[in-house]
Amino acid sequence: MRIEPLLDHLDRENPGDVLGLYLYGSAAAGGLKPDSDVDLLLVTWRSLGEPERAALVSLLSRLSGWRGHAGRFPEAVGRRPIELTGLVAGDERHRRDFQYGEWLREDFAQGWLPEPADDPDVVILAATAHSAHRVLRGPALADVVDPVPPDLLRSAALGIIPDLVSEIEGDERNVLLTLARVVVTVETGGIVSKDVAAATVAPALDGADRVLLERARAGYLGTASDDWTGLSVEVASLARVLAGMAGGV
C-alpha cells in the first residue's frame, strides 16, 4: 500500500481540519485480497472546501488505480485501488462529505469533484470501520465517530439494495458478494467480510445459485478466475434471490 504521500498531504495541508484517518475493510480484517480496495475513513472537523477536494482527488488519482482501467487509463493499471470516504465529526445524519473511488475516475478526469451527499452506504462504511480498523492518524475511532446502532445499520443495508441490483452488469462479483453481506447484516445486525458472508449464505441457496455465489467468493479470494460472460440472466436472478432473502424486494 502506497499511502505515505497521502499521510504527508494530510499532515501538511490539513484539509477540513483533520481529526483522524482510519484504515478499515480487508486490510484491517484478515488481509487484502487480490482485488481489494485500500479502504480509508477520513474524519474532519469541517466540510472540505473546493480547493481541498481538488487537491485530494489529484493526489489520490496518482496513488490509486485499478487493473480494469487498461483501456481508458493504462497508467493506473498497476496500482491498488484506494477508496477514501470523508465524514465530518458530529454529523448525526452520517452524510458523506467526500469520496474517492476508482469507479469515479472517468468523472474525475472530466473535472468533477465529489460533494457532500446523503448516502446510506456511509452508515455501512462507518459500521465496517468500527468492526475492524487501524488508526493511522488521530484518536480512537470510537472517540470521533459514534458506533452505528444495529437498527440503523439494517435500514442502511436494505437501502443500498436497489442500486446494487440495478448496477450489477460489469460488477457481478462485487454486487453478489455485497448482497450476501446485506443478508447477513439484516439477519445479525453486524458486519462480516464478503467471503464470510458468501460462505454463510451459500448453503441456503439451491443448485445453480449456490454455484454462482461460490464462484464469486472464489474470485474474491483469488483462488479461481470468475468469468461472468454469458451469465447475465443467471446473475440477475441470483441478485433478486439474495435481495429477497434480505427482505429488500
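I began with Asp17 and found it in the loop between helix 1 and strand 1. Helices here are DSSP runs of H or I with at least four residues, strands are runs of E with at least two, and both are numbered from the N terminus. I am working on a predicted model, where local features need pLDDT of at least 70, side-chain atom pairs count only at pLDDT 80 or more, and totals for chains, interfaces and linings use all residues. Residues are numbered from 1 along each chain as its sequence is written, and side-chain values use heavy atoms, leaving out hydrogens and water.

I looked up the phi of Asp17 and got a positive value near 60 degrees, in a residue other than glycine. Asn14 lies in the loop between helix 1 (4-13) and strand 1 (18-24), and its phi is positive too, about 50 degrees, although Asn14 is not a glycine.

(Buried means under 20% relative accessible area, exposed over 50%, partly exposed in between, with a 1.4 Å probe and protein chains only.)

**A look at Ala55**

I then went to Ala55, which sits in helix 2 (residues 50-63).

**Into the core**

Which residues touch the most other members of the largest nonpolar core? I found Leu176 and Leu213, in a core of 39 residues. (Such a core is a set of buried Ala, Val, Leu, Ile, Met, Phe, Trp, Tyr and Cys residues joined through side-chain atoms within 4.5 Å.) Helix 7 gives the largest share, nine residues.

I listed the partners of Leu176, skipping residues up to four places away in sequence: among them are Leu213, Trp228 and Leu242. Touching, or contact, means heavy atoms within 4.5 Å. Apart from this core I noted another of 23 residues, including Ile3 and Phe98.

**The whole chain**

I counted ten helices and five strands in the protein chain. Of its 249 residues, 48% count as buried. The C-alpha trace spans about 55 × 40 × 30 Å along its principal axes. Among contacts between residues at least 6 apart in sequence, 63% join residues at least 24 apart.
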